[in-house]
Amino acid sequence: MTNALFLPQNFVALLALANPLGGTDHELAGWFHQRLTPAFVSMLRAFTDFGSGEWIGIVLFALVVFFAWKRWWPSLVTLIVAVPGGMLLNEWVKLLVHRQRPFLDGPFADWSGYSFASGHTIGATLLYGQLLLFVLPALKGRHWRLLSILSAISLVSLVGFSRIALGAHFLTDVLAAVFFGIIWLAFCLFATKSMRRRTVSRAVVPFVGESALLRVELAEEPAQSLPS
């Protein structure tokens with residue numbers, strides 16, 4: 001009898017292996033591989049660093065310390081579940097699918113691990129996407145909101161492009177990472193809804209306490225009556 005727990009795993013593996021864009025994947029990877037130069041690689045590596053584990057770790061550490069200092073516990077829990085949690089799930093998908101990288105050997109290729117889905121891209125999607133959800137409620141001007149959205153999209157796009165051009169990932173690896181990242185952020189957003197609603201307003205309410213999609217109505221403490 002088929003174990004129902006294995007059905008999602010089989011679905012993800014089948015989705016990655018039965019790739020309708022397989023031809024495009026290999027053609028695009030080969031096109032970039034033939035045009036790599038030392039200068040181009042240096043530029044691409046600068047882009048890819050915005051999704052590296054080291055950079056994400058530094059940003060996360062700074063945010064965790066800041067949120068803990070401010071006692072913004074809902075934001076702290078959301079950040080930890082969304083970013084490291086999503087990246088760990090992506091590693092599980094990599095081991096499940098076992099897709100090899102486009103190029104393992106060559107003057108500019110030295111990759112280890114599996115290809116589907118892109119770890120750098122999903123890390124960038126989760127980090128910059130969650131930061132965007134944190135700051136959007138505090139931005140009043142439409143141009144500031146638009147600038148923030150475009151900045152997050154640009155950073156994720158640069159990381160994804162660099163991973164394809166460097167030969168570390170196929171196009172579908174990057175697209176899947178963005179898709180998985182958005183789905184995970186949406187899941188975390190709704191999963192932490194009740195926790196945010198239970199948060200009582202204090203003297204200073206962190207602007208990151210609200211999500212961009214769900215406005216939390218914070219209850220005001222009743223005024224203390226003066227003794228007669």
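The questions and answers below concern a predicted model of a protein.

Q: How many helices and how many strands does the secondary structure of the protein comprise?
A: Read along the sequence, the pattern of the protein is α-α-α-α-α-α-α-α-α. The secondary structure therefore comes to nine helices and zero strands.

Q: What percentage of the residues in the protein are buried?
A: A residue counts as buried when its relative accessible area is under 20%. The protein has 228 residues, and the buried share of them is 40%.

Q: Among contacts between residues at least 6 apart in sequence, what percentage join residues at least 24 apart?
A: A contact requires heavy atoms within 4.5 Å. Among contacts in the protein between residues at least 6 apart in sequence, the share that joins residues at least 24 apart is 74%.

Q: Where on helix α2 do its buried residues lie?
A: The buried residues of α2 include G22, D25, A29, G30 and F32. Seen down the axis of α2, its buried residues fall within an arc of 165°, so they line one face of the helix. The face turned away from this buried side carries the exposed residues E27 and Q34. The cover over the buried residues of α2 includes α3 (38-48), α7 and α8.

Q: What distance does helix α4 reach from its first C-alpha to its last?
A: Helix α4 runs over residues 53-70 and has 18 residues. At 1.5 Å a residue, 26 Å is expected. The distance that α4 reaches is close to this, at 25 Å.

Q: Within what arc do the buried residues of α4 fall?
A: In α4, the residues I56, V59, L60, L63 and F67 are buried. An α-helix has 3.6 residues a turn, so residues three or four places apart point the same way. The buried residues of α4 accordingly line one face of the helix, and they fall within an arc of 100°.

Q: Which exposed residues does the face of α4 turned away from its buried side carry?
A: The buried residues of α4 are covered by elements that include α5 (73-97) and α6 (119-135). The face turned away from the buried side carries E54, I58, F61 and W69.

Q: Is N90 buried or exposed?
A: N90 is found in helix α5. Leaving aside its neighbours within four places in sequence, N90 is in contact with A117, S118, G119 and I122. Its relative accessibility is 2%, and N90 therefore counts as buried.

Q: Why does L96 count as partly exposed?
A: L96 also lies in helix α5. L96 counts as partly exposed because its relative accessibility is 23%.

Notes
Residues numbered from 1 in each chain as written. Predicted model: local features only at pLDDT ≥ 70, side-chain atom pairs only at ≥ 80, totals over all residues. Heavy atoms only, no water. Helix = DSSP H or I, 4+ residues; strand = E, 2+ residues; numbered from the N terminus. Expected span 1.5 Å × (residues − 1). Buried < 20%, exposed > 50% of the residue type's maximum accessible area, 1.4 Å probe, protein only. Arc of directions from axis to C-beta.
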